[in-house]
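My entries follow in the order I made them.

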Amino acid sequence: MFRVLVLIFLVCFSACAISKQPHMNHFSPAKNIVVAHRGAWKKNNLPENSIASLRNAIELNCAGSEFDVRMTADDSLVINHDPNYNHLPIEKSTYANLAKLPLSNGEKFPTLQQYLQAGMTKNTATKFVCEIKPSDISVDRARIVATKVLALVRSMKAENRITYISFDFEILKQIIAIDPTAITQYLDGNKSPDEIKAAGISGIDYHFSVFKAHPDWIALAKKNNLILNAWTVNDLETMNWLLSNQFDFITTNEPELLFNRIKQNAN
Ligand code: MG
């Protein structure tokens with residue numbers, strides 16, 4: 001009899017515990033908020049920032065696919081995260097020299113033009129989240145890079161498909177000066193939402209730890225109608241926290257995991 005009572009207790013307890021799973025406190029966003037960081041590369045073991053990773057993000061129906069832009073010594077705009085490609089400093093090397101070695105999947109070292117071109121076919125949902133890297137040479141050169149990126153985007157009629165992000169405040173100011181309608185987000189996490197609003201920048205895209213340290217910035221950003229985005233979020237706990245705080249976008253190396261999490265919340 002005692003065993004039966006214990007069993008009944010355990011069944012009831014488990015049922016209560018399951019019903020208290022954190023479904024209800026987690027926001028299920030009405031719109032797509034998943035941004036693939038350097039494309040969707042991880043699950044399929046693709047090179048980061050490759051056209052294949054961009055195409056995979058598009059196939060996953062991500063809201064955005066992020067990538068990093070730098071400029072070679074002979075003024076080619078190229079896609080690479082690090083300042084070096086195969087030990088060659090990008091800013092001090094010609095494109096021809098850099099492109100001698102392909103990416104690990106055999107792809108040619110992509111230019112921005114090739115990257116955008118590849119992302120504009122069969123793509124109705126995925127925005128380009130274009131990070132313009134600061135220049136190691138000068139702030140002036142960084143402004144030139146920004147100017148050239150905008151000119152290329154305009155020539156390709158891709159203005160409505162793109163969000164610009166940067167750690168370099170001067171790059172974002174240059175973008176806004178050229179095109180006040182451009183969507184821009186600041187990355188560095190050292191400016192308050194009020195400062196961002198005053199500079200005419202559209203949003204903040206900060207490391208999630210910045211929002212943990214300044215939780216008041218979440219409400220302040222919303223009050224200022226700033227886009228609210230966090231990077232680079234690869235674990236469920238942080239995803240849940242950002243979802244419950246109704247972030248506009250979450251940038252992740254694990255887009256499949258985030259899509260699954262959101263689907264669970266919706267059920
Ligand atoms: Mg980046």
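I took a pocket to be an open set of grid points with protein on both sides within 12 Å along at least five of seven lines. The model is a predicted one.

Entry, pocket. I looked up the largest pocket and found about 250 Å³ of space in it. I counted 16 residues in its lining, and P47, E48, N80, Y85 and L103 lie nearest the centre. Sorted by class, I have 7 nonpolar, 7 polar and 2 charged residues for this pocket lining.

I noted a volume of about 60 Å³ for the largest cavity. I listed its lining as V69, R70, M71, E91, K133, P134, S135, R141, A142 and V145. I checked which elements give two or more residues to that lining, and they are strand 2 (64-71) and helix 5 (139-155). I recorded the classes of the cavity lining as 5 nonpolar, 1 polar and 4 charged residues.

Entry, metal. Which residues coordinate the magnesium ion? I found E66 (OE), D68 (OD) and E131 (OE), at 2.0 to 2.1 Å. Are D68 and E131 buried or exposed? I have both down as buried.

Key: Residues numbered from 1 in each chain as written. Predicted model: local features only at pLDDT ≥ 70, side-chain atom pairs only at ≥ 80, totals over all residues. Heavy atoms only, no water. 1 Å grid on protein atoms, 1.4 Å probe; cavity = no way out; pocket = protein on both sides within 12 Å on 5 of 7 lines; lining within 4 Å. Points joined across faces, edges and corners; volume = space filled by probe spheres on them. Helix = DSSP H or I, 4+ residues; strand = E, 2+ residues; numbered from the N terminus. Nonpolar A, V, L, I, M, F, W, Y, C, P; charged D, E, K, R; others polar. Donors = N, O, S within 2.8 Å, 3.2 Å for Na, K, Ca; no water. Buried < 20%, exposed > 50% of the residue type's maximum accessible area, 1.4 Å probe, protein only.
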